[in-house]
Amino acid sequence: VGNFTEDDIAEEVEYDDSEVVELKLVNDTAIIENKPGVGVTKTDITNASCVSGAELTVTDSKGKVADKWISECVKNANDDKAKETHILNLEPGTYTLTESMAPIGYATAESIKFTIDEDGRASTSLDMKDDPINVCILKTAKGIKDGLAGAEFEIYKENGEIYDKFTSGTSCTSFAYMPVGNYIIKEIKAPDGYQIINEETKITVKDTKETQIFEIENEVIVCL
């Protein structure tokens, strides 16, 4: 607190990582008014753990970018659980929180529309949750009700690098957090009594929270 002229007072100054202070001139005296910040968190919808690597953007009602950052999880000295809270310092108004780019293995989350009131409070929680991308590969054959077990497969990325290997069971073989992109599936060994599939199976994993199911069918060996 002190005596200042209007020209001496900046409109806003950064005070620390969690708030903005405003210097207000009242009867030639500068008074500090704290404006509370609004926290934004990025978490995994399946286990509430912190998620790094999401590119997030906040825009105002006119589409102007008010803030932009990449989520980063940091462990607190007093807590083993990594957390990430980004503090927004916004004027009263209507805003939209958008995930511009999802982390690898996650589907892009839906945007959150919110308002900031005169007291600096948000109208809704700004914990944006990400769903993992889930893929299910089912080995089938004519006349088999459930999945066909015993087939061995290799999954390759589009660049030729191997992504994973698996042996089919009687149900879907699941892959969680599978990155978006194109893949090639090769059957290395067929189940006893079935012909191996020599052709490569190409699949495309999309940016969606819905489980993506891919079926690969074998034919029975026919003895003449």
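**Close-up 1. Ala48 in the loop between strand E4 (38-44) and E5 of the predicted model.** Ala48 is not a glycine, yet its phi is positive, at about 65°. The relative accessibility of Ala48 is 43%, so this residue counts as partly exposed, the term covering values between the 20% limit for buried and the 50% limit for exposed.

**Close-up 2. The open sheet of four strands, ordered E6-E5-E10-E11.** Pairing within this sheet is antiparallel. Strand E6 (65-70) and E11 form the edges, each pairing on one side only. On average, neighbouring strands of the sheet are turned by 20° against each other, direction ignored.

**Close-up 3. Pairing of E5 with E6 and with E10.** E5 and E6 run antiparallel and are joined by five bridges; Thr57 has Lys68 in E6 as its bridge partner. Strand E5 (residues 55-60) is also joined to strand E10 (residues 93-101), through six bridges and again in antiparallel fashion. Here Leu56 has Glu99 in E10 as its bridge partner.

**Close-up 4. Pairing of E10 with strand E11 (residues 112-116).** Five bridges connect these two antiparallel strands. Ile112 in E11 stands opposite Leu97.

**Close-up 5. Tyr177 in the loop between strand E16 (173-176) and strand E17 (181-189).** Although Tyr177 is not a glycine, it has a positive phi of about 60°. With a relative accessibility of 30%, Tyr177 counts as partly exposed.

Note on methods. Residues numbered from 1 in each chain as written. Predicted model: local features only at pLDDT ≥ 70, side-chain atom pairs only at ≥ 80, totals over all residues. Heavy atoms only, no water. Pairing = 2+ DSSP bridges. Axes fitted to C-alpha atoms, helices over the stretch in contact; angles between N-to-C directions. Buried < 20%, exposed > 50% of the residue type's maximum accessible area, 1.4 Å probe, protein only.
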